[in-house]
Amino acid sequence: MTESGLKLISWVVAASFVGALLAVPQPVDPWEMPSLVLDRSAVAEAIRVDRALAREAPDSAEAESLRSLFLDHGRSEADPPYPLTEYDRRQAALHRATQALVAKHGPVAFEAMRAQAAEELMRVLGDAAGEPEDDYERGVLGGFPQILKEYGLIHRGVLVAPEMSVRALYKARWNSIHRRNFVEGMSAIELQAYWGWLALHGWGKPLSDREEALVAFRDAGGFGAQEAAALMDLLAGRPDRASKSLERLHAASGELRLRNLALGAMHAALFRTTSP
């Protein structure tokens, strides 16, 4: 037996041992949600469309008026509190400015300005790392840095969420300020990025809110929604249901990880029934 032959046999034995170990059912505590996974090509296409649309944003008195009011709102957000009468006045002015913009340039101009705002946000975030350096950046960011921190998209000044999620949440803020539905104008991948982050990574938020976000994430075609739904059942105190869902997912996919999660949920169910 040569030295190389011994090494080969040792490697085969070790690999067989690891394979056998992995094949043995191992209960795993099923408390961690799957991470948000977004299709890379869809993300790249959505950003490309945003950038092309942003270049079509009008340069007119109507557009400048709307942009200026948006920045004023951001500066007020960054320096609370401000009088309710000021808020009401600005909201009325935003409504009038939006109507004037659409009347002159059409609805696509409104969409272009939203895309332009998202592009400007990413530029400012890159320059300021979430901390505004001047009055203009304060208007762009507004209260958005607090949203980034509150929902865990940023940690110690570093973005840890996908860019698409950051863009989607900012667009939701932009829509809200202009009194539109939060997710108006978002593509399927943007909806996945928006709802998926809130559902899968919204630790500390009410479970009912995360469950609603998960339904929207699933409806948008989000990856991993079924597994996340099973784990939310566990968080909501329904381990039996969670275990059965994970078992079905394992049977359909053959993934050992899902089998082990199902065993973990089953153990949680048994512990719950035997606890005093």
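Predicted model: local features only at pLDDT ≥ 70, side-chain atom pairs only at ≥ 80, totals over all residues.
Good morning. Pro-81 is found in the loop that joins H3 and H4. The peptide bond leading from Pro-80 to Pro-81 is cis, and its omega is near -5 degrees.

Two packed helices are described by the angle between their axes and the distance between the axes. For helix H3, residues 61-78, and helix H4, residues 84-105, the axes come within 8 Å and cross at roughly 155 degrees. Angles over 145 degrees count as roughly antiparallel, and H3 and H4 are therefore roughly antiparallel to each other. The crossing in which H3 passes H4 is left-handed.

Which residues meet in this contact of H3 with H4? From H3 they include Leu-66, Leu-69, Phe-70 and His-73. On the H4 side, Tyr-87, Leu-94, Ala-97 and Leu-101 are among them. The residues of this contact divide into 10 nonpolar, 6 polar and 5 charged.

Arg-179 lies in the loop between H8 and H9. Its phi is near 60 degrees, which is a positive value in a residue other than glycine.

I now come to the pockets. Rolling a probe the size of a water molecule over the atoms shows where empty space is left. The largest pocket has a volume of about 400 Å³. Its lining consists of 17 residues, and those nearest its centre are Tyr-151, Leu-169, Phe-182, Tyr-194 and Leu-198. Which helices each supply at least two residues of this lining? They are H7 (144-150), H8 (163-177), H9 (188-201) and H10 (207-219). By residue class, the lining of the largest pocket holds 10 nonpolar, 1 polar and 6 charged residues.

The second largest pocket has a volume of about 330 Å³. Of the 15 residues that line this pocket, Leu-214, Ala-225, Gln-226, Ala-229 and Ala-230 lie nearest its centre. H11 gives the largest share, with 6 residues. The lining of the second largest pocket divides into 7 nonpolar, 2 polar and 6 charged residues.

Thank you for your attention.

How values were computed. Residues numbered from 1 in each chain as written. Heavy atoms only, no water. 1 Å grid on protein atoms, 1.4 Å probe; cavity = no way out; pocket = protein on both sides within 12 Å on 5 of 7 lines; lining within 4 Å. Points joined across faces, edges and corners; volume = space filled by probe spheres on them. Helix = DSSP H or I, 4+ residues; strand = E, 2+ residues; numbered from the N terminus. Nonpolar A, V, L, I, M, F, W, Y, C, P; charged D, E, K, R; others polar. Axes fitted to C-alpha atoms, helices over the stretch in contact; angles between N-to-C directions. Parallel < 35°, antiparallel > 145°, perpendicular 65-115°, else oblique. Left-handed = near helix turned anticlockwise from the far one by under 90°. Contact = heavy atoms within 4.5 Å.
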